[in-house]
Amino acid sequence: MAARGADLLVDRLIELGVGYMFTLSGNQILSVFDATIGRDIELIHTRHEAAAVHMADAWGRLTDTPGVALLTAGPGHCNGLSALYVALMEESPVVMLSGQSPLVQKGRGAFQEIDQVAMASQVTKASWAVETTYALPLAVGRAFDIATSGRPGPVHLSLPSDVLEGPASAQTPEDITDEGSEASGNLSGQILDTLEKSERPLILAGPAMGRGNRWSGVEKLSEITGIPALPMESPRGINDPWLHRATNRLSEADLVLLAGKKLDFSLKFGESPFFDEHCRFIQIEADEHQLVDSDAVLPVLCDDPSRVIEALSESFGDSRSDWQSWKTDVMRSRQSRPEEWTSRSGDGIHPLDVCVALEPYLGAKGVIVSDGGEFGQWIQAGIEADIRLINGPSGAIGSGLPMALAAKLVDRSRDVFVFLGDGTFGFHALELETAVRYDIPVVVIVGNDARWNAEHQLQIENYGSDRTVGCDLLPTRYDRLAEALGGVGEQVDRADEIAPAADRAVASGLPAVINVAIQSVGAPVFR
């Protein structure tokens, strides 16, 4: 068979080290499916396009290399957009490849013809269509570069079906360069001068800076300087239950170094009383448009946060004893667990009972994926794990199960536990069939209180307990769904049943759902 555009595309992906494409088949991308046969790249065929993008998102977060999602045109493309938004807010490197209606039919009402580039441009760093076969390899390489440079994030390419199916051209493409801003000069001197004048400085890292090698660089700076550092990726921001009582220390800081962290809703825009009215902020930003014009924000030039953090570590002298003492106080607050957690009351299983029973499974070799409202917040507050995936600043729910599958593919030696509320589980429950089909054994813990509890709690708070509406679910046996799909199911009604059920689930070597009947309680609050 003569080489086609699809073959050029697959060749380039393999050159870039892509081993998996997360996908769902459709008319406009069947040539790409065909081009993968016999090649060193595997298609993970999901049950919904959003799940494919969520899997690519998790891959990007865990490996710091772009996860690749391959979707079909029109509705398939649209189904992936909400998941692209999750990746954008979490600053995750993703490349979404969408099939597109043929170029020769452009503007004539082709099957599933829509302006995919414009739609994806709202939830990506860059979005464009590739309109010649010879440009495919270069476009993919450029997409990878954009996805990983500066503030990481998703990139979209639309691929017309006649470009994919057409013969590969030997024409040399014109060079295409990224128009992103260049790094400015060395900022470390400016920042060090400002830091030296502070008594209680604090480093807050954005989503990308809060994971992997970037976070290791932040931790190194914290160790050298004695300045406390906290990652900030929760949609609940300064009320992230993972912060525990450290959330109450934020208002004591007199200077906050924002390492790739936006001064947005999650930080209450830096306003009082959440931060002291005299507190000042230093932004280290890769994207100039994220710089805030405010008297509270000290002027600095735009640069890559990773490089600036590294330069600060190399330039800093001896740590200050007052900073070390401040850091000890902040980190002790972060690690504290309220006394009331040890005296839980009420009928049924408290979410903290789930945490106590399952935290031993999630040490150095475990991965925690937490998704959902109140149950998810309890899990994030009550379980410490070296690797965790959450929904991120988007606040969207439903990504947990597909993300867990990708996490297992990244490293099959790790136990992956995904914690979902019963409402959240419904978004992508059928990805259990994907897990069975590809032999991806993850353990799904469904906290089942038969309601959309996050919204229920908000209704109680804002309107009163007698005005709750539209939040009830059935106490469904989700464990039986797992069994019907070829996995393992466990029903848990008492706290002492949780650990034995987890033992059996892990030992089965199959995808498993443990359906836990929990109390319907609000998330922990530390303010």
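This is a predicted model: local features need pLDDT of at least 70, side-chain atom pairs count only at pLDDT 80 or more; totals for chains, interfaces and linings use all residues.
In which hand does α13 cross α20? The crossing of α13 past α20 is right-handed.

## The α13–α20 helix pair

Two packed helices are described by the angle between their axes and the distance between the axes. For helix α13 (residues 351-358) and helix α20 (residues 498-508), the packing angle is about 50 degrees and the axes lie 9 Å apart. Because angles under 35 degrees count as roughly parallel and 65 to 115 as roughly perpendicular, α13 is therefore classed as oblique to α20.

The contact brings together Asp353, Val354, Ala357 and Leu358 of α13 with Ile498, Ala499 and Ala502 of α20. By class, this contact comprises 6 nonpolar residues, no polar residues and 1 charged residue.

## The sheet from β12 to β17

Strands of a sheet pair through backbone hydrogen bonds, either parallel or antiparallel. An open sheet of 6 strands runs in the order β13-β12-β14-β15-β17-β16, with parallel pairing. The edge positions belong to β13 (387-389) and β16 (488-492); each has a single partner strand, so one side of each lacks a neighbour in the sheet. On average, neighbouring strands of this sheet are turned by 20 degrees against each other, direction ignored.

Within this sheet, strand β15 (residues 443-448) pairs with strand β17 (residues 512-517) in the parallel sense through 6 bridges. Gly447 is placed opposite Val516 of β17. Helix α15 (residues 400-410) packs on the sheet and touches β12 (366-371), β13, β14 (415-421) and β15; the direction of α15 makes about 175 degrees with that of β14.

## The sheet from β1 to β6

Another open sheet has 6 strands in the order β2-β1-β3-β4-β6-β5, and its pairing is parallel. The twist from one strand to the next averages 20 degrees.

Strand β4 (residues 94-100) and strand β6 (residues 154-160) are joined in the parallel sense over 7 bridges, and Val95 has Val155 of β6 as its bridge partner. Helix α3 (residues 49-63) packs on this sheet, in touch with β1, β2, β3 (67-71) and β4; the direction of α3 makes about 165 degrees with that of β3.

Strand β1 (residues 20-23) contains Thr23. Thr23 has a relative accessible area of 0% and is therefore buried, the cut-off being under 20%. Apart from neighbours within four places in sequence, Thr23 contacts Ile29, Phe33, Leu43, Ile44, His45, Thr46, Ala52 and Leu70. Although Thr23 and Leu70 are 47 residues apart in sequence, their C-alpha atoms are 4.7 Å apart in space.

## The enclosed strand β7

Is strand β7 largely enclosed or exposed? In strand β7 (residues 201-205), 5 of the 5 residues are buried, so the strand is largely enclosed by the rest of the structure. In a regular strand the side chains alternate between the two faces of the sheet. On one side of β7 lie Pro201, Ile203 and Ala205, on the other Leu202 and Leu204, and all are buried, so that both faces are covered.

Strand β7 runs parallel to strand β9 (residues 255-259), to which 5 bridges join it; Ala205 stands opposite Ala259 in β9. Strand β7 is also joined by 3 bridges to strand β8 (residues 229-231), again in the parallel sense, with Ala229 of β8 as the bridge partner of Ile203.

## Backbone features

Most residues other than glycine have a negative phi, and most peptide bonds are trans. Glu91, which is not a glycine, has a positive phi of about 60 degrees. Glu91 lies in the loop between α5 (81-90) and β4 and counts as buried at 3% relative accessibility. Gln112, likewise not a glycine, has a positive phi of about 60 degrees. Gln112 belongs to the loop between β4 and α6 (116-121) and is partly exposed, with a relative accessible area of 25%.

The peptide bond joining Ser272 and Pro273 is cis, with omega about 10 degrees. Pro273 sits in the loop between β9 and β10 (280-284). In helix α1 (residues 5-15), the buried residues are Gly5, Ala6, Asp7, Leu8, Leu9, Val10 and Leu13. Following α1 is Gly17, with a positive phi near 90 degrees.

Definitions and conventions. Residues are numbered from 1 along each chain as its sequence is written. Side-chain values use heavy atoms; hydrogens and water are left out. Two strands pair if DSSP finds at least two bridges between them. Helices (H or I, at least four residues) and strands (E, at least two) are DSSP runs, numbered from the N terminus. Axes are lines fitted to C-alpha atoms, for helices over the stretch in contact, and angles run from 0 to 180 degrees between N-to-C directions. Contact means heavy atoms within 4.5 Å. Angles under 35 degrees count as roughly parallel, over 145 as roughly antiparallel, 65 to 115 as roughly perpendicular and the rest as oblique. A crossing is left-handed if the near helix is turned anticlockwise from the far one by less than a right angle, and right-handed if clockwise. Ala, Val, Leu, Ile, Met, Phe, Trp, Tyr, Cys and Pro count as nonpolar, Asp, Glu, Lys and Arg as charged, and the others, Gly among them, as polar. Buried means under 20% relative accessible area, exposed over 50%, partly exposed in between (1.4 Å probe, protein chains only).
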